[in-house]
Amino acid sequence: MRLVFVGAPGVGKGTQAKRLEQEFGWNVVSTGDLLRTAIAQQTSLGQQAQAYIQRGELVPDLLVNDLVAERISQMESFILDGYPRNVAQAETLEALIDGTLDAVVLFDLDEELLVERLSGRRVCPSCGAVFHVKANPSQRGEQCDRCGARLITRNDDQPETIRNRMRVFREQTEPLVAFYEAKGLLRRVCANGTPEEVFLRLLSAIGQNGTEK
Ligand code: AMP
């Protein structure tokens, strides 16, 4: 299965992508995670991307296109989480995989709820687990349930940057909805409710009920 996940920041794309990966073994490719790793490792890509991410802007297409192409060239199945983010990236992806996308899932949620989700989000810098102070707190308080590392708030989850990321989503990423709708690939999933409720809607949207590894 080859899927693209589209949705505003904080909508829960990453959480749902990881669930699908656990259930079916499809590879999640998250450009946000790859870029954050590059920054942590201070690679040349990380150094180039850092300032854009801190401002809540998109990293230049050339950088992310190469990153994704390198990753997915050998993959049978994948879930792209956070890529493409604009129509130019979508056209590059199309040329790369030659019309083999099965579906594009659009996660929908009110902006007010998005801001609440983002500002309460806590992530583990060590294993990548994601929590929310109210909706999904770590049982160990400020420490990660899974590996014990101290949880952090992502730099770009600060209020000013959140507003900028929302604007960038509306201006640059939302045009993808019409782009993929015209190709008959778009599936809408309401992202309100618990991760479990959203996951069930997601399975039905992509026509999956059983388990495939
Ligand atoms: P995310 O974790 O998907 O919210 O991404 C965090 C940040 O990484 C975004 O605000 C962008 O600055 C950058 N980023 C992630 N994916 C892309 C992409 N496909 N194109 C450009 N920038 C991206």
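Q: Which residues does Asn 86 touch, not counting residues up to four places away in sequence?
A: This is a predicted model. In it, Asn 86 touches Leu 58, Asp 61, Gln 172 and Leu 176 once residues up to four places away in sequence are set aside.

Q: And where does Asn 86 lie?
A: Asn 86 belongs to the loop between β3 and α5, the latter being residues 87–97.

Q: Is Asn 86 buried or exposed?
A: Asn 86 counts as buried, because its relative accessibility is 9%, under the 20% limit.

Q: What does the side chain of Asn 86 reach?
A: The side chain of Asn 86 reaches the backbone nitrogen of Gln 89, at 2.8 Å. Gln 89 is also one of the residues that come nearest to the ligand.

Q: On to the ligand, then. How many residues are around it, and which come nearest?
A: There are 16 residues around the ligand, and those that come nearest are Thr 31, Arg 36, Glu 57, Gly 82 and Gln 89.

Q: What about Glu 57: which of its atoms lies by an oxygen atom of the ligand?
A: A backbone N or O atom of Glu 57 is 2.5 Å from an oxygen atom of the ligand.

Q: How many bridges does β1 have with β3, and how many with β4?
A: Strand β1 (residues 2–7) pairs with β3 (residues 78–81) over four bridges, in the parallel sense. With β4, β1 has five bridges, also parallel. Leu 3 stands opposite Ile 79 in β3, and Phe 5 stands opposite Val 105 in β4.

Q: How many bridges join β4 to β7?
A: Five bridges join β4 to β7, and the two strands run parallel. Asp 108 stands opposite Cys 190 in β7.

Q: Why is β4 described as largely enclosed?
A: Five of the six residues of β4 are buried, so β4 is largely enclosed by the rest of the structure.

Q: Where is Ile 206, and what is it in contact with?
A: Ile 206 is in the segment after α9 (195–205). Leaving aside neighbours within four places in sequence, Ile 206 is in contact with Met 1, Leu 3, Leu 20, Trp 26 and Val 105. Ile 206 is buried, at 9% relative accessible area. Ile 206 and Val 104 are 102 residues apart in sequence, yet 8.9 Å apart C-alpha to C-alpha.

Q: How many disulfides does a search of the whole structure find?
A: The search finds zero disulfides. Cys 124 is in none, and its nearest cysteine sulfur, that of Cys 147, is 3.5 Å away. Cys 144 is likewise in none, with the sulfur of Cys 127 nearest at 3.8 Å.

Q: Are Cys 124 and Cys 144 buried or exposed?
A: Cys 124 counts as buried at 4% relative accessibility, and Cys 144 counts as buried at 0%.

Q: Last one, the backbone. Which residues does the cis peptide bond join?
A: The cis bond joins Tyr 83 and Pro 84, with omega about -5°. Pro 84 is in the loop between β3 and α5.

Q: Where is Gln 42, and what is its phi?
A: Gln 42 is in the loop between α2 and α3 (44–55). Its phi is near 55°, a positive value in a residue other than glycine. Gln 42 is exposed, with a relative accessible area of 61%.

Terms used:
Residues are numbered from 1 along each chain as its sequence is written. This is a predicted model: local features need pLDDT of at least 70, side-chain atom pairs count only at pLDDT 80 or more; totals for chains, interfaces and linings use all residues. Side-chain values use heavy atoms; hydrogens and water are left out. Two strands pair if DSSP finds at least two bridges between them. A disulfide is a pair of cysteine sulfur atoms within 2.5 Å. Buried means under 20% relative accessible area, exposed over 50%, partly exposed in between (1.4 Å probe, protein chains only). A residue is near a molecule or strand if one of its heavy atoms lies within 4 Å of it. A polar contact is a pair of N or O atoms within 3.5 Å; within protein, one must be able to donate a hydrogen and the other to accept it, and residues adjacent in sequence count only if both atoms are side-chain atoms. Contact means heavy atoms within 4.5 Å.
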